[in-house]
Every structure is written in C-alpha cells, then in structure tokens.
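Please look over the sequence and the structure shown here.

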Amino acid sequence: MKLLFATSNKHKLLEAREALKPYGIEVEPCTAPKLEVQAESLETVAAYAAQVAYLVTGKPVVVEDAGLFIEALNGFPGPYSSYVYKTIGFKGILKIMEGVEDRRAYFESAVALAYRGGVRVFTHRVHGRIAREPRGSGGFGFDPIFIPSGSTRTFAEMSIEEKNRYSHRAGALRKLAEWLLREASSLYTG
Ligand code: IMP
C-alpha cells in the first residue's frame, strides 16, 4: 500500500518510511502545503491540515503535528513548539531550564489521515526528560535535548531505527498502520 505524507521535513519523512516499512506501507512525500491553524490541540492542527491536503490532492493523505511539553513549564512550548524552535531554539529552552531540577517532559504526535470517509487522528506520547546540555548530531528540532525514558541517550544520539523504538511519531504512525491494515479495502475504493 502507498500512502501520501504531506510534509516538508525530510527527517519526518525518513522516520515515517522506517516506521511503516514493517507494515508493507510505502510512504510517498507530497507537496501539498501544510496549512497550520493556530490551536491549542495538536489533533486539531493535524486534522485541519490533513483535510486541506486532501482537498488539494484528492487522495488519502497523512499530516503529522508534534510538540514538546515540559512539565516544569506547565506544558510549554506544546502546540507552539515550532515557533519556539524557530525563535529561541533548544538553546533557549536549556537557558529557561537552568537551575530547574524537574526535567520531566514528553513529546506528543498527532497523525491525521484525511480520506473520503473523513479524518482519523492517532496520537502517541513519549515521556522522558530534558538533558542538561545538548548531545548528538542526528535528527532535528529538540532531538539533542530530549532523553526518552528507558534510555540514557538523546534522540539526536540515536539512529532513526532506535529513535523509532521510543518516539511519539513512530508510536502514532504504528497506530495508524494497524487501523489502515484493517480498513484498507474501504479506504481506496468507492
Ligand atoms: P511540527 O509542527 O510537527 O513540525 O513540530 C513542531 C516543532 O516541534 C518542530 O519545529 C520541532 O522543533 C519539534 N519537534 C517535533 N517533532 C520532533 C522530534 O521528533 N524531535 C525533535 N523535535 C521535534
């Protein structure tokens, strides 16, 4: 099965390819613009963007939206992660977190599939902690400062395969894959 994934982020694309390969799902990039509404829920952002991408492509299409939620900051930056990354980056987050002992944080991913039957959203969280200093050169975004529970390494120190064993995105994509394999026949017919 082939699945369109609307993203301009090549890391997300590679992660999705790797996560969906075991299900026999081939991920194809699609250039439909990801239209981001300002909303406090990742599900709303992903669902809206997927519907727009579906209107543009006319084919079942997936959009993903993610955010980093830091417990000591009451969930900041959460749905504003993209803006915060662009403005202060992970160095800014480390600065805000200086002297903060509670390092707990989680990443959440919302994966939305839009198709003729409507929109389905699958979410997943990975809990972990904010590192004291950046480590690793792989991945993207806040990867150098996020250590998932069960590991001592940051996402940026991991291969895609290893990151996918923990990650919010791979978790949400696996939920999508399981649903797709059950519903595939009705999705692409009629
Ligand atoms: P987006 O809107 O889904 O692209 O994600 C919002 C922001 O969260 C991005 O700009 C990244 O900085 C960050 N982000 C999302 N997913 C990841 C991830 O897997 N690792 C590190 N940072 C991420």
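**Helix α2 and its surroundings**

Helix α2 has 16 residues and reaches 22 Å from its first C-alpha to its last, close to the 22 Å expected at 1.5 Å a residue (the expected span is 1.5 Å times one less than the number of residues). Helices (H or I, at least four residues) and strands (E, at least two) are DSSP runs, numbered from the N terminus. This is a predicted model, in which local features need pLDDT of at least 70 and side-chain atom pairs count only at pLDDT 80 or more, while totals for chains, interfaces and linings use all residues. Residues are numbered from 1 along each chain as its sequence is written, and side-chain values use heavy atoms, with hydrogens and water left out.

Ends of α2
- At the N-terminal end, Ser 41 caps α2, with a side-chain oxygen 3.2 Å from the backbone nitrogen of Glu 43.

Burial of α2
- Buried residues (under 20% relative accessible area; exposed is over 50%, partly exposed in between; 1.4 Å probe, protein chains only) of α2 include Leu 42, Val 45 and Val 52.
- The cover over the buried residues of α2 includes β1 (2-6), β3 (61-70), β5 (104-115) and β6 (118-130).

Tyr 54
- Tyr 54 lies in α2, which spans residues 42-57.
- Tyr 54 is partly exposed, with a relative accessible area of 22%.
- Beyond its neighbours within four places in sequence, Tyr 54 is in contact (heavy atoms within 4.5 Å) with residues including Lys 59, Pro 60 and Tyr 115.
- The C-alpha atoms of Tyr 54 and Leu 113 are separated by 8.8 Å, though the two are 59 residues apart along the chain.

How values were computed:
A polar contact is a pair of N or O atoms within 3.5 Å; within protein, one must be able to donate a hydrogen and the other to accept it, and residues adjacent in sequence count only if both atoms are side-chain atoms.
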